[in-house]
Amino acid sequence: MSGRGLTRRQLLGSGAAVLGVGLAVGGPPLLAKLIPGGQPGLLLSSKLPLPAPYRTELPVPPVLQPVRTDATTDYYEVTASVGTAQIIPGHPTQVWGYQGIFPGPTIESRSGRRTVVTHRNELAHPTSVHLHGGHTPHDSDGYPLDLITPKNGATGGMAGMSGMSGMSGADYQPQRDYTYPMNQRAATLWYHDHTMGFTGPQVYRGLAGFHLVRDDEEAAAGLPAGPRELPLMIADRAFEADGSFAYPALDPDEGKVGVTADYMNGVLGDVILVNGAPWPVARVDRARYRLRLLNASNARRYRLALDPQPPGGGGLLQVGSDGGLLESPVAHDSIDLASAERFDVVVDFSRYPAGSSVRLVNQLGSGSTAEVLRFDIGTAAVTDDSRVPAKLSTIEKLDPAKAVHTRTFTFQKSQTNWTINGEEYRPGHSLASPELGQVEIWRFVTDVHHPVHLHLDPFQVIGRDGKTKPGPFDAGWKDTVDVLPAEGVEVAVRFTDYAGRFLLHCHNLEHEDMAMMAEFTTK
């Protein structure tokens with residue numbers, strides 16, 4: 001740790017100090033309430049009978065086609081609008097979806113080929129769109145006050161984050177062109193709402209979709225593709241008696257930010273959706289499949305595992321992370337997945353008997369939240385020319401010894417909100433000004449669980465709790481890291497290409513909405 005600051009003892013001390021702040025502010029009963037069972041959030045139970053699991057076929061979001069193309073660019077048009085989904089049988093659910101569906105349509109881009117997405121808004125509330133994992137100029141990054149005007153033209157009445165004077169400074173436009181240069185490697189990205197103070201309820205209502213980036217290196221790897229490549233958006237929800245989404249907002253009309261006090265550490269639903277369907281069934285061949293796992297839940301963490309495990313274990317063969325392919329595959333029996341993280345895994349169903357079933361379960365859940373998805377394996381003889389090479393990619397290692405700055409960001413609860421370095425989010429106020437092209441070490445220290453997300457560029461985890469090695473789920477390029485309670489995580493990051501203001505925040509969306517966000521300005 002020489003040259004990097006904290007030793008293990010110091011890191012643990014920092015975490016304990018932060019935890020102590022929480023204890024001092026809320027007292028042990030409140031803190032214990034915030035982290036029941038060591039997990040973020042509080043369960044919100046549905047008010048209607050839940051369907052039996054594994055009665056619905058797994059849907060796959062449609063791939064959006066460009067409205068036009070030219071020599072350098074593909075152009076797409078997306079409209080946020082109200083739609084109706086049949087999630088709970090007999091109880092239609094109103095969703096806010098891109099193109100009126102949840103999840104929204106998948107956008108596919110080629111690395112190095114520019115993508116422009118024109119977003120419009122037919123909802124009754126403003127929206128903003130962030131391409132999560134995108135290497136994106138600041139004016140297309142989905143800054144939370146760069147808003148798309150709702151259909152009624154309303155540009156006022158929103159309170160903004162608690163502690164702010166409202167939405168002053170917001171820039172409303174009737175539509176926005178988000179320009180993505182796509183100067184980045186193949187990866188599983190996703191786009192979602194990023195509206196100031198209301199990201200939680202608006203993503204919960206459905207404003208999320210996949211954006212996949214492809215490149216020649218990935219294509220040459222020979223991984224499962226076509227119908228054997230499944231994007232899986234996992235999200236938990238609760239339902240009212242009429243089938244509508246249940247969400248404990250302080251004001252369902254979005255006149256005031258936040259959730260009721262019991263849920264300020266996150267909202268957990270009792271229904272696990274995959275691509276918008278409750279506990280679906282995927283019918284698969286006895287062959288390899290590539291699963292692009294995305295945790296799009298507001299707050300829930302998952303420990304995903306196959307049940308039963310295949311003979312010899314290691315059934316989840318990780319080939320990619322938030323930022324694309326790993327250097328080499330990593331076999332897991334289970335994977336911990338925090339909000340907004342992505343894991344790209346290959347499952348070889350030929351390791352199971354023909355005609356058998358395998359469940360993807362959540363070992364951090366109980367009852368209905370312990371089930372996720374079931375794979376029913378066919379009996380037909382099939383060919384499978386896919387492979388998982390021992391060498392997937394070459395990844396440049398950021399050298400911590402070359403870091404020009406080490407910055408510490410503490411994520412902790414205040415009396416009424418969530419803060420970074422003791423400050424609630426203030427638009428236009430930067431906590432750091434890193435120079436483009438320079439390596440820095442950023443250190444995240446927490447009180448309770450916080451999935452920490454950086455905009456603009458991915459990072460590499462270099463240590464946890466003073467240990468100079470990443471955790472078992474930290475491999476490759478990351479843009480979101482799961483920081484455990486009273487933990488310190490160090491990452492190496494190098495911002496490139498785009499000067500401007502960007503965001504650092506907790507991706508527990510209730511934390512984010514309640515001020516756990518900060519800006520940094522690259523120069």
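**View 1. Ala 340 sits in the loop that runs between strand S23 (334-337) and strand S24 (342-348).** Strands, like helices, are DSSP runs numbered from the N terminus, with at least two residues (E) for a strand and at least four (H or I) for a helix. The model is predicted, so local features need pLDDT of at least 70 and side-chain atom pairs count only at pLDDT 80 or more, while totals for chains, interfaces and linings use all residues. Residues are numbered from 1 along each chain as its sequence is written, and side-chain values use heavy atoms, with hydrogens and water left out. Phi of Ala 340 is near 80°, which is a positive value in a residue other than glycine. Most residues other than glycine have a negative phi, and most peptide bonds are trans. At 1% relative accessibility, Ala 340 counts as buried, a word that here means under 20% relative accessible area, with exposed meaning over 50% and partly exposed lying in between (1.4 Å probe, protein chains only).

**View 2. Leu 456 lies in the loop between strand S31 (450-454) and strand S32 (459-464).** Although Leu 456 is not a glycine, its phi is positive, at about 80°. Leu 456 is also buried, with a relative accessible area of 3%.

**View 3. A cis peptide bond joins Phe 102 and Pro 103.** The omega angle of this bond is about -10°, and Pro 103 belongs to the loop between strand S4 (91-98) and strand S5 (104-110).

**View 4. A cis peptide bond also joins Asp 307 and Pro 308.** Here omega is about 5°, and Pro 308 is placed in the loop between strand S20 (302-307) and S21.

**View 5. Strands S21 and S22 form a hairpin, with two residues between them.** S21 (residues 316-321) and S22 (residues 324-332) pair in the antiparallel sense over five bridges, where pairing requires that DSSP finds at least two bridges between two strands. In one of these bridges, Gly 320 has Leu 325 of S22 as its partner.

View 6. Of the 523 residues, 60% count as buried.
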